[in-house]
Amino acid sequence: MEQVVANPWAMLAYLVAGVCFILALRGLSSPVSSRRGNRFGMFGMALAVGTTLVTHQIASLPEIGIAIVIGGIVGFITARKIAMTAMPQLVAAFHSLVGLAAVLVAVAAYLNPAAFGIAEPGGAIHQVSRIEMGLGIAIGAITFSGSVIAFLKLNGNMSGKPIMLPGRHIINLGTLALIIGLIGYFLTDEAPWVFFTITGLSFLIGFLLIIPIGGADMPVVVSMLNSYSGWAAAAMGFTLHNTAMIITGALVGSSGAILSYIMCAAMNRSFISVIAGGFGGDSGAASGGGQAIDRPWKRGSAEDAAFLMSQAEQVIIVPGYGMAVAQAQHALREMADQLKAEGVAVKYAIHPVAGRMPGHMNVLLAEANVPYDEVFELEDINSEFAQTDVAFVIGANDVTNPAAKTDKSSPIYGMPVLDVEKAKTVLFVKRSMGGVGYAGVDNEVFYRDNTMMLLADAKKMVEEIVKALGH
Amino acid sequence: MEFVSILSIFVLACFVGYFVVWSVTPALHTPLMAVTNAISSVIVVGALIASAAAGSATSKWLGLAAVALASVNIFGGFAVTERMLAMYKKKDKPAAGK
C-alpha cells in the first residue's frame with residue numbers, strides 16, 4: 001500500500017506546524033502574548049502549506065497559485081473592511097467556508113483515492129478511510145449548511161426568531177440515524193449513491209438543526225459550529241494521516257466545545273435544550289407575570305444622568321447587544337473619558353453571553369480604545385455593585401434581571417446575572433418600555449426606586465449625556 | 001501510520017486543547033474563535049493534495065476550489081485576528097488619541 005507521507009522530514013514539519021497552532025492558542029491567555037501567538041499560527045500554516053507543496057509532485061502549480069491569490073485577496077480585504085460589530089456573522093461565514101472546503105476535499109478524495117494514498121491495490125478505498133471520509137464529509141456538510149443559516153440569522157437576512165417545524169425532533173433524529181447508518185453501510189459498499197446521499201442528508205440536517213435556534217442562543221451556535229469545523233478537519237486529517245490536521249482539528253474541536261459549555265453555563269441552560277431550540281420565541285413570554293407594563297417607573301433625561309454620574313465616585317458600565325446594534329461604543333468611551341476627567345472611577349462589567357458571540361463586547365470596547373484593564377468579567381466585578389454609585393446599563397437586559405436569582409418560575413432562573421440593582425442608582429438605557437429581552441421576560445430592575453430609565457437610542461442618549469457633561 | 005498511533009495523537013491533542021483553551025482569557029474569546037477558524041483551514045493541505053494530483057480532472061478542480069476557499073479563511077482569519085488583537089491596549093497615561 002502506498003503511503004501518503006513517506007518522508008519523515010515532512011512528518012516532522014507537520015508536527016512542528018501542529019505545535020505552532022498550540023502555541024497560537026496558548027498566546028491568547030493574555031493580551032500581551034496574543035499577537036506573538038498569532039504569528040506562530042501564521043508560521044505554522046505557511047509551514048504546513050509549504051511542506052505539502054514540496055513533498056508532492058505538483059502538476060498544477062500555476063492554478064494552485066491563482067487559487068491561493070484569489071482566496072487570499074478576498075479574505076484579506078474582508079478582514080480589513082469588516083466592522084467589529086459584524087464579527088459574529090464574519091466568523092459564521094468563515095466557518096461555512098471551512099465546512100465547504102472539507103466537503104470538497106472529501107469528494108476529491110472519494111473520486112481520486114489513489115492520490116490520497118487511501119486506495120487498496122485493486123482501487124477500492126480502505127475500510128478505515130471510508131469511515132473517516134464518511135464522518136469528514138458529514139461533519140463538513142453540517143458545518144457548512146449550519147453556518148450559512150447562522151450567518152443569515154446574525155446578518156439579519158433571516159429573522160432571529162426560531163423557526164419551529166412540527167415534529168422536528170423526530171425528523172432531526174431520524175435524519176441523523178440515517179446518516180450514521182449510511183456511513184456504516186459505506187463500509188461494505190462504496191457506491192456513489194451512498195456517498196452522495198450521506199452528503200445531501202448532512203447538508204439537510206445542518207440546516208434543520210440551526211433554524212429552530214433563536215437569536216439569543218447564537219453564541220452557543222457559533223461556538224458549536226466552530227467546534228464542528230475542527231472535528232471536520234480532524235476527520236480529514238485521519239484520512240490523510242496528517243498530524244498537523246489532526247492536532248489542529250482536536251484543538252479547534254475542543255475550543256469550540258469549551259466555548260459552547262461556557263456559554264451554556266452562563267445562561268444556566270443545558271446544551272441539549274439549546275440545540276433543541278425554540279428559546280427566545282413566544283414560549284417564554286407567558287411566565288413573566290401579568291402585571292408587566294402598567295407598573296410605575298421613573299424616566300430620566302440625559303441631563304439627569306450626566307449630573308448623577310458626575311457626582312459619583314464610581315460608575316460601572318454594563319454593555320449588551322443593544323450597544324453593538326446602536327454602534328454606541330465610541331460615544332460610550334467619550335462619556336467615560338469625560339467622567340474620568342472629573343475624577344469618577346469608571347469600570348466596565350461584561351456578562352459572558354452579552355452580545356452574539358463569546359467575547360463580543362470585549363472586542364467592541366477594545367475597538368473604541370477602552371483599555372482592557374478597565375473591563376471586568378462577571379465574577380470579578382459583581383461584588384462591587386454594592387459599593388458603586390451608578391450602574392449604567394446600556395443595551396443589556398436579561399443579564400441584569402434579578403428574577404434569575406429569586407423567581408423560580410422565570411425561564412432565566414438560575415442564570416448568573418450582574419447585580420446592578422445593588423448600586424445606589426441604576427441608569428438603564430433602553431429604546432422603549434415595551435420591548436422585553438430575548439428571553440421574553442420582564443425585568444424587575446425597571447420598576448425599582450433606585451432605577452432611572454433613559455428611553456432613547458443608545459448612541460443618541462450617550463451623545464446627549466456627553467454634551468450635558470460638557471456644560 | 002497505524003490507525004492507533006494516529007488516534008493516540010488525536011486523543012492527546014484533545015487534552016492539550018482542553019487545557020490550553022481553558023487558559024484563554026474570556027476577554028479574548030472572539031479572537032480565539034477567529035484564530036481557530038484560521039487554523040482549521042489547515043484542511044488546505046488536503047485541498048492541495050487533491051489539486052496537485054494527476055488522475056482525475058474533477059478531483060483536481062474540486063481541490064482547487066477548496067484551496068481558494070481555505071485561502072479566504074487563512075488570510076482572512078489571521079488578518080482579522082491580528083486586527084482585533086492590535087486593539088487590545090492597556091491603560092496608558094498619555095491619551096493615545098481617539
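Biologist: Let us start within chain B. At what angle do helix 3 and helix 4 of chain B pack?

Modeller: In this predicted model, helix 3 (residues 44-52) and helix 4 (residues 57-87) of chain B pack at an angle of about 150°. Their axes are 7 Å apart.

Biologist: Are helix 3 and helix 4 of chain B roughly parallel or roughly antiparallel?

Modeller: Angles over 145 degrees count as roughly antiparallel, and therefore helix 3 of chain B and helix 4 of chain B are roughly antiparallel to each other. Helix 3 of chain B passes helix 4 of chain B in a left-handed crossing.

Biologist: Which residues of helix 3 of chain B meet helix 4 of chain B?

Modeller: From helix 3 of chain B, the residues are Val44(B), Ala47(B), Leu48(B), Ala50(B) and Ser51(B). Among the residues they meet in helix 4 of chain B are Gly63(B), Leu64(B), Val67(B) and Ile74(B). By class, the contact of these two helices has 9 nonpolar, 3 polar and 1 charged residues.

Biologist: Now a contact between chains. How far apart are the axes of helix 4 of chain A and helix 2 of chain B?

Modeller: The axes of helix 4 (residues 87-111) of chain A and helix 2 (residues 29-40) of chain B are 10 Å apart, and the two helices pack at an angle of about 20°. That angle makes helix 4 of chain A roughly parallel to helix 2 of chain B. Here too the crossing is described as left-handed.

Biologist: And which residues make that contact?

Modeller: Helix 4 of chain A contributes Met87(A), Val91(A), Phe94(A), His95(A) and Val98(A). Helix 2 of chain B contributes Thr30(B), Met33(B), Asn37(B) and Ser40(B). These residues divide into 5 nonpolar, 4 polar and no charged.

Biologist: I would like to turn to Thr248(A). Is Thr248(A) buried or exposed?

Modeller: Thr248(A) is found in helix 9 (residues 243-267) of chain A. Its relative accessibility is 0%, so Thr248(A) counts as buried.

Biologist: What does Thr248(A) touch, leaving aside residues up to four places away in sequence?

Modeller: Thr248(A) touches Phe21(A) in its own chain, and Ile39(B), Ser40(B) and Val42(B) in chain B. Ser40(B) also belongs to the contact of helix 2 of chain B with helix 4 of chain A.

Biologist: Next, where is Asn157(A)?

Modeller: Asn157(A) is in the loop between helix 5 (127-154) and helix 6 (168-186) of chain A. At 53% relative accessibility, Asn157(A) counts as exposed. Its side chain is joined to that of Asn155(A) by a polar contact of 3.0 Å. Not counting residues up to four places away in sequence, Asn157(A) touches Phe151(A) and Leu152(A).

Biologist: What separates the C-alpha atoms of Asn157(A) and Leu240(A)?

Modeller: Those C-alpha atoms are separated by 37 Å, and the residues are 83 residues apart along the chain.

Biologist: One last topic, backbone angles. What is the phi of Asn268(A)?

Modeller: Asn268(A) has a positive phi of about 50°, although it is not a glycine. Most residues other than glycine have a negative phi. Asn268(A) is found in the loop between helix 9 and helix 10 (271-276) of chain A, and it is partly exposed, with a relative accessible area of 43%.

Biologist: And what about the phi of Gln327(A)?

Modeller: Gln327(A) has a positive phi near 55°. Gln327(A) lies in the loop between helix 12 (321-326) and helix 13 (329-341) of chain A. Its relative accessible area is 36%, so Gln327(A) is partly exposed.

Technical notes:
Residues numbered from 1 in each chain as written. Chains lettered and ligands numbered in written order. Predicted model: local features only at pLDDT ≥ 70, side-chain atom pairs only at ≥ 80, totals over all residues. Heavy atoms only, no water. Axes fitted to C-alpha atoms, helices over the stretch in contact; angles between N-to-C directions. Helix = DSSP H or I, 4+ residues; strand = E, 2+ residues; numbered from the N terminus. Parallel < 35°, antiparallel > 145°, perpendicular 65-115°, else oblique. Left-handed = near helix turned anticlockwise from the far one by under 90°. Contact = heavy atoms within 4.5 Å. Nonpolar A, V, L, I, M, F, W, Y, C, P; charged D, E, K, R; others polar. Buried < 20%, exposed > 50% of the residue type's maximum accessible area, 1.4 Å probe, protein only. Polar contact = N/O pair within 3.5 Å; in protein donor to acceptor, adjacent residues only side chain to side chain.
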